[in-house]
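Have the model open in your viewer and your selection tool ready. We will go from one stop to the next, with something to select at each.

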Amino acid sequence: MSSTKGAAELQRFFTKALADPKRDALLDGARRICAPLAARMLTQAGIGAETTTPFKLFDNACGPGVVASELQRLIKPAVLQQQSSILCGDFSPQLVELVQQRAEHEGWVKTETKQIDAQVCDTRGSRTHPVPSLVSSPFHISDPGPGSDQEQRPCLCNIHPSHVTTNIGFHVIPDSKAALDVSSTVTHKDQPCVSTPEAIRVLKPGGTLALTTWHHRNAGWAADLQAAFASFPFDAPCPVTQQTTRWGDWPDVNWVRKALEQRSLERVQVDVFAFLVSVDGAEHFVAGFEGMMDWVMAGSWSEEARKEHGREEVFGRVRDFLEEKYEGGAWDQTWIGVVATARLPEGGL
Ligand SMILES: C[S@@+](CC[C@H](N)C(=O)[O-])C[C@H]1O[C@@H](n2cnc3c(N)ncnc32)[C@H](O)[C@@H]1O
């Protein structure tokens with residue numbers, strides 16, 4: 001599957017997952033798969049139940065709000081309530097809306113959501129959804145007004161988060177290089193805020209960048225799907241790549257380390273985290289990974305093959321295969337993530 005086609009399909013998948021009544025499956029997957037990795041990333045970034053210092057965290061490519069939800073669960077209310085704040089940004093308006101709904105329904109505190117494209121960390125055209133108690137959040141980004149430099153490219157750098165996180169994001173952000181490397185100088189109050197990397201540019205000096213991606217050896221959902229497709233009585237290709245963007249090699253720990261070191265970050269720490277994800281049964285697998293099956297078929301099957309073997313037939317075959325393989329019961333999948341953290345020097349870059 002070409003990476004461009006893969007990226008486009010994946011974006012369609014995330015958007016569709018919210019348009020459909022598939023929301024529950026999306027949140028179930030987020031809880032079982034994305035949350036453990038987010039928790040591991042936060043630990044490596046020095047944030048957890050023991051945290052006593054308030055922080056300002058910008059969760060970039062926040063998806064359904066996994067990092068914010070973990071922070072609500074982990075951080076002592078007094079620390080969150082003090083001067084901490086969480087900004088959740090994603091370029092998908094549907095996901096931003098979902099996070100806002102979660103924040104309201106689940107009573108999250110000190111959380112703000114905003115439509116932000118990680119490739120430009122730009123708030124242009126964004127909608128702000130402040131949680132009521134947070135209207136005067138330190139993450140409030142003032143509109144520079146017409147005629148200023150920022151009108152061309154509003155700037156997030158005035159918020160100075162102490163932490164910028166991106167859980168399972170860089171390997172699917174369409175232009176992940178742009179998300180790290182700013183191509184032009186951005187100005188703020190007539191001062192250049194530089195051509196330092198985009199995700200890093202917004203960090204306060206001494207702040208922490210934390211990210212996760214899937215490792216090249218991640219089995220995840222693909223191992224089950226590949227075994228099922230291989231059992232079909234017709235040719236059913238199932239190539240799966242952990243990265244859908246063209247630039248870089250995000251599933252490779254050595255590449256990730258070098259990419260961060262080359263940007264003069266300090267205390268670069270790259271690790272892997274393997275964990276088990278329980279699947280309740282064959283039906284649960286199909287409901288949870290139906291979007292990924294669509295993605296594989298759209299990217300790797302010919303139109304004729306897709307016409308001849310429609311999705312209902314394919315889903316039924318996968319269900320039958322897994323029923324038999326796991327004897328009608330539950331099983332565990334093995335997921336492996338890359339976890340990376342680094343610090344912006346106190347003096348900036
Ligand atoms: C695999 S999901 C991970 C979501 C979330 N961080 C989590 O832990 O579940 C990748 C996310 O990246 C977002 N994304 C992709 N390209 C983006 C971009 N250019 N700017 C902001 N978000 C982007 C998608 O909308 C999606 O929510």
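Start by selecting helix H10: here Ala282, Phe285, Gly288, Phe289, Gly291, Met293, Trp295, Val296, Met297 and Gly299 are buried. Keep in mind throughout that this is a predicted model.

Stay on H10 and centre the view on Phe289, where you will find a kink of about 60°. Now look at the end C-alpha atoms of H10 (residues 282-300): they span only 23 Å, while a straight helix of 19 residues would span 27 Å at 1.5 Å a residue.

Zoom out for a moment to see the whole protein. It holds 12 helices and 10 strands, and 44% of its 349 residues count as buried. Take the contacts between residues at least 6 apart in sequence: 80% of them join residues at least 24 apart.

Next, select helix H2, residues 23-44. Which residues of H2 are buried? They are Leu26, Gly29, Ile33, Cys34, Leu37, Ala38, Ala39, Arg40, Met41 and Leu42. Click on Cys34: H2 bends there by about 45°, and Pro36 follows within four residues. The end C-alpha atoms of H2 are 30 Å apart, which agrees with the 32 Å that its 22 residues should span at 1.5 Å a residue. Step just past H2 to Gly46, which takes a positive phi of about 85°.

Keep Cys34 highlighted and show the ligand. Cys34 is one of the closest of the 21 residues that surround the ligand, along with Ala61, Gly63, Ala118 and Asn167. What does the shell around the ligand consist of, by residue class? It divides into 14 nonpolar, five polar and two charged residues. H2 gives the largest share of this shell, three residues.

For the next stop, select Ala38, Ala68, Val99, Ala199, Leu209 and Ala340, the residues with the most contacts inside the largest nonpolar core, which has 61 residues. H2 again supplies the largest share, with seven residues of this core. In soluble globular proteins, nonpolar side chains tend to be buried together.

Pick Leu209 to see part of its surroundings. Apart from neighbours within four places in sequence, Leu209 is in contact with Val164, Ala199, Ile200, Leu203, Leu265, Thr341 and Ala342.

Finish with a second, separate core of 17 residues, by selecting Phe229, Val279, Phe289 and Leu322, which are among its members. Phe289 brings you back to the kink in H10.

Notes. Residues are numbered from 1 along each chain as its sequence is written. This is a predicted model: local features need pLDDT of at least 70, side-chain atom pairs count only at pLDDT 80 or more; totals for chains, interfaces and linings use all residues. A residue is near a molecule or strand if its C-beta atom, placed from the backbone, lies within 6 Å of it. Helices (H or I, at least four residues) and strands (E, at least two) are DSSP runs, numbered from the N terminus. Ala, Val, Leu, Ile, Met, Phe, Trp, Tyr, Cys and Pro count as nonpolar, Asp, Glu, Lys and Arg as charged, and the others, Gly among them, as polar. The expected span of a helix is 1.5 Å times one less than its number of residues. The bend at a residue is the angle between axes fitted to the seven residues ending there and the seven starting there. A residue is buried if 20 or more other C-beta atoms lie within 10 Å of its own, exposed if 12 or fewer, and partly exposed in between; C-beta atoms are placed from the backbone. Two residues are in contact if their C-beta atoms, placed from the backbone, lie within 7 Å. A nonpolar core is a set of buried Ala, Val, Leu, Ile, Met, Phe, Trp, Tyr and Cys residues joined through C-beta atoms within 7 Å.
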